[in-house]
Amino acid sequence: MTDLPRLRRLLGGPETAWLLDRARDRLANGRPLDTPATLKAATLEQRRAVELLLGRRLRSGSSLTVPLAEVDRVLRESLACPDGLAAAVVALTGPVADRRAQDNALAAAWKRALSELDHPAVADRVELAPWRAKVEATGLLKRLSGGDPAAAQQLAADTVRVLSALPADGLTLPVLAARTLGDAHALDDGRPLGALVLSGVRALAALPAGTATGAEGRRAAWAAVGVALDDLSSRVLVLGLPGSTRGTTGRILATAREGGEPCVLTLRQITTQQPELGLTEHTIVHVCENPAVLAAAADELGPDCPPLVCVEGNPSAAARTLLTHIAGQGHPIAYHGDFDWGGIRIATGILRLPTATPWRYDTPSYLAAVERGLGTPLTTGTPAPTHWDPALAPALTQHTIRVEEEHLLDQLLADLHGH
């Protein structure tokens, strides 16, 4: 058995505390106690304490080198601690945690947390691959969780639940949070989960760098995946929708149509009651990307303008909801947008609606514009496929010319004249 009083006299004093600390640190890191420990600038008292422990004089000098194997032997042979130095460290300082095992367990916990982001809802979406890699490389999950792997794993799992529900069709953020997480405020600005999900939303929306910052950037990022921060600020610009005498929204549309003026509909107006749009069975609803097209149509056609919806860039939740409602009623949708990579991504979403077809938004239309010398150099954006016309994306890649809707305004207005 350990002779604790004697062990304390030999190794438990303040002059040998450094030696105990070195031995304890080696044990905690899984290293053997078979190499010397050195103390630079040792005091006379520290040197004498080690000499007393080892039973011999040490070489003079400012530093003090102690063979730990010899300390172990002395403790065993003197019976101060028959089990040696490792047991003496525990007897004098308490149990030694296995730091290597702790580090391995912590690394495994972080790996489990990150593996939540390997769910098919993330792994099967190529646009989220760079985001997933960045979350790991930058330690974003670790920062947002306060360095707690269990909290990080929950954050990651909750993020996957939200991303799995995107894109949405006209939900408000509180409704999305309530449906996916059971808490209407879970995605509020300033919450760690809200920040992590928003970083994924920005990647999912493929917004150009620098466009999704601040309050407006946050609103735009959510709108790009069909979510509004609230049901009043999300809006859509329309012209020429007939409306009806039934319902508030129907009357608003009818009045605007009669005056030939554009009209703004909020998400609330579209969702609180299904709006009476007044569309006949075969009426084509034209859709454009830029307000300049709708404004020009109002100036030139006024009350005679056929139904026209403007998504104003990335469609808001209100725009998505309205177009989904129109397609759901079986009305044809004809879409035109800018010939650039941002416009391609907007078109991709809209042209997946069951009744949607391109409106002068195909390879022949693009090449004709390029041949006319229209457009400007296309220097930004990431190429994307064009499922409605597979040849369009290669044409943009080859010619690197961006053709905005305003360049084709004469053709678009002529088409609207014909309807």
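Helices and strands here are DSSP runs, numbered from the N terminus; a helix has at least four residues and a strand at least two. The model is predicted.

**Exercise 1. The largest pocket**

Find which elements each supply at least two residues of the lining of the largest pocket, and which residues lie closest to its centre.

Solution. 
- Start with the volume. The largest pocket holds about 1,400 Å³ of space.
- Go to the centre. Of the 45 lining residues, Ala205, Ala206, Asn314, Arg345 and Ile346 are the closest to it.
- Now list the elements. At least two lining residues each come from α12 (192-205), α13 (214-224), α17 (317-328), α18 (341-350) and β11 (376-377).
- α18 has the largest share, eight residues.
- Sort the lining by type. It has 21 nonpolar, 14 polar and ten charged residues.

**Exercise 2. The cavity**

Work out how many cavities of 30 Å³ or more the whole structure has, and describe the lining of the largest cavity.

Solution. 
- Count. The search finds one.
- Take the volume. The largest cavity has about 40 Å³ of space.
- Name the lining: Val238, Leu239, Gly240, Leu241, Leu253, Ala256, Arg257, Glu261 and Cys263.
- Assign elements. β5 (235-239) and α14 (248-259) give two or more residues each. α14 gives the most, three.
- Sort by type. Six are nonpolar, one is polar and two are charged.

**Exercise 3. Backbone exceptions**

Solution. 
- Most residues other than glycine have a negative phi, and most peptide bonds are trans.
- Pro167 sits in the loop between α10 and β3 (171-172).
- Turn to Ala41. Ala41 lies in the loop between β1 (36-39) and α3 (44-54).

**Exercise 4. An annotated span**

State which residues the DUF2399 annotation covers, and the helix and strand content of that span.

Solution. 
- Read the record. The unreviewed UniProt entry gives "domain: DUF2399" for residues 263-416.
- Check the ends. The end C-alpha atoms of residues 263-416 are 18 Å apart.
- Take the content. The span 263-416 is 41% helix and 14% strand.

How values were computed. Residues are numbered from 1 along each chain as its sequence is written. This is a predicted model: local features need pLDDT of at least 70, side-chain atom pairs count only at pLDDT 80 or more; totals for chains, interfaces and linings use all residues. Side-chain values use heavy atoms; hydrogens and water are left out. On a 1 Å grid over the protein atoms alone, a cavity is a set of points where a 1.4 Å probe fits but cannot get out, and a pocket is an open set with protein on both sides within 12 Å along at least five of seven lines; lining residues have an atom within 4 Å of a point. Grid points are joined across faces, edges and corners, and a volume is the space filled by probe spheres set on the points. Ala, Val, Leu, Ile, Met, Phe, Trp, Tyr, Cys and Pro count as nonpolar, Asp, Glu, Lys and Arg as charged, and the others, Gly among them, as polar. UniProt positions are given in the numbering used here, feature names are shortened, and annotations may be inferred rather than shown by experiment.
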